[in-house]
Amino acid sequence: MTHIMHRLLNTPYPVAVAGDGPYLIDAQGKRYIDSASGAGVSCLGHSAHKISEAIAHQSKKLAYVYNAYFTTEALETFADKLVAMTPPGLDWVFPGSGGSESMDGALKLALQYHNERGEPQRRRFISRRQSYHGCAIGGLAISGNQIRRMLFEQFLPESHFVSPCYEYRDRSVDETPEAYGARLAQELNAQIEELGPDTVAAFVAETVVGATAGCVPPVPGYFKAIAEVCRKHGVLLILDEILSGCGRTGTYLSCEQDGVVPDIAVVAKGLGAGYQPISAILVSNGVVDTIARGRGFFFHGHTYNGHATAAAAATAVIDTVRSENLLENVQAMGVRLREALRDRLGQHPHVGDIRGRGLLIGVELVADRETKTPFSAETMLWNTLQKTAFARGLICYPGFGTADGVNGDHVLLAPPFIINETHVAEIVDKLAPSIDEAIAAVRKAA
Ligand SMILES: Cc1ncc(COP(=O)(O)O)c(C=O)c1O
């Protein structure tokens, strides 16, 4: 009996009662290794007591003030530390409480920026197919994720989509990765020119595509070429680092590895590591200056923006990432996990691709390796895989629609930054038989 309207209304949920490093423990005492950090959130694991102490300390001192009237030491310290972690040029922080909220804020910021510059007609957004930018209306409108849009399509404002950067499926055999990236930048250029450059506000992309297509990193040079196209047309570049940011890929922002600094970036999940709900829009000096010289205030804000307790938690998370050298551990364990997956699954007849960056890793499952034919949507392989993994005490994040928005399956792995080699081995030892069992089960049911 529950009064909670859970996501699945007809399915009982196990009750999680405790955490221990990368493990979750349920009410029956069963231990699960959390190789997804929930949904890419719990980057310090489930028992980082320093963060809990920082929260307790701040909430006893001062839990909340209304952001229209006050700032707090906790909030200012958080912003200073966050800016120190990010590339020069992104020197401003607009705090929020979750990814979707901040993504919608980022879109409104782009619209206001152009308005202040005397170009209010720049109101179009271009993003990519096979993408996800949040479940609020703005973020959903620019999300290519067909399934998540489906029921709300008629209510979503106009958006425009170009191809994702999806090397495994879309790079031709006679094309280098660089040439493929350049081709995609040309496609964006053509789309902007077709719409009319002076009508386009921003291009939005996940630096590493997350749950929609299963951790797809960009090819070398892709974002540099994209940034160049945006700059040429006065179109802002907004990077969604809600999942890929905050150290998940081994650098604080993932775009550092692509050599680009966007005009606006959004971070969320790893920012509070699950100890508090917190997100941030990171904003370039150029955008902030324009608004400061224009109306002087951002026409946007939520009651909980800048929450002092959440800010104290995020500061403690950043301090921990730094003091425990966790970016280095993400790099090292990311390599180990990808190697271990390739050793174990690299020749598997139903594993098409193992990819990712740092500890954001995707394993794409296919019915046929040679032709890359996906399992059809009806098999719901991803769903069975979640169950076979859970039964073995493995939390992973399987997804669907990988290949074309409808068909295809993948497993997303995003373990906590604190994992070691023993945890890597345990994840792979549990994942491999879970995949075999799930495939056997859907085959039998077909
Ligand atoms: C890339 C990306 N953007 C946006 C969101 C939405 O964030 P939230 O669920 O915190 O609203 C997510 C969440 O999964 C995400 O992965």
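## The ligand site

A residue is near a molecule or strand if one of its heavy atoms lies within 4 Å of it. By that rule, the residues around the ligand are Gly 98, Gly 99, Ser 100, Tyr 132, His 133, Gly 134, Glu 206, Asp 240, Ile 242, Leu 243 and Lys 269. The model is predicted: local features need pLDDT of at least 70, side-chain atom pairs count only at pLDDT 80 or more, and totals for chains, interfaces and linings use all residues. Residues are numbered from 1 along each chain as its sequence is written, and side-chain values use heavy atoms, with hydrogens and water left out.

An oxygen atom of the ligand lies 2.5 Å from an N or O atom in the Ser 100 side chain. For Lys 269, a side-chain N or O atom is 2.8 Å from a ligand oxygen atom. At Tyr 132, a polar backbone atom is 3.3 Å from a nitrogen atom of the ligand.

## Helices α14 and α15

Helix α14 covers residues 381–391, and helix α15 covers residues 421–445. Their axes (lines fitted to C-alpha atoms over the stretch in contact, with angles from 0 to 180 degrees between N-to-C directions) come within 8 Å and cross at roughly 135°. That makes α14 oblique to α15; the oblique class takes the angles left over once under 35 degrees counts as roughly parallel, over 145 as roughly antiparallel and 65 to 115 as roughly perpendicular.

## Helices α13 and α15

Helix α13 spans residues 326–345. α13 and α15 pack at about 35°, with axes 10 Å apart.

Key: Helix = DSSP H or I, 4+ residues; strand = E, 2+ residues; numbered from the N terminus. Polar contact = N/O pair within 3.5 Å; in protein donor to acceptor, adjacent residues only side chain to side chain.
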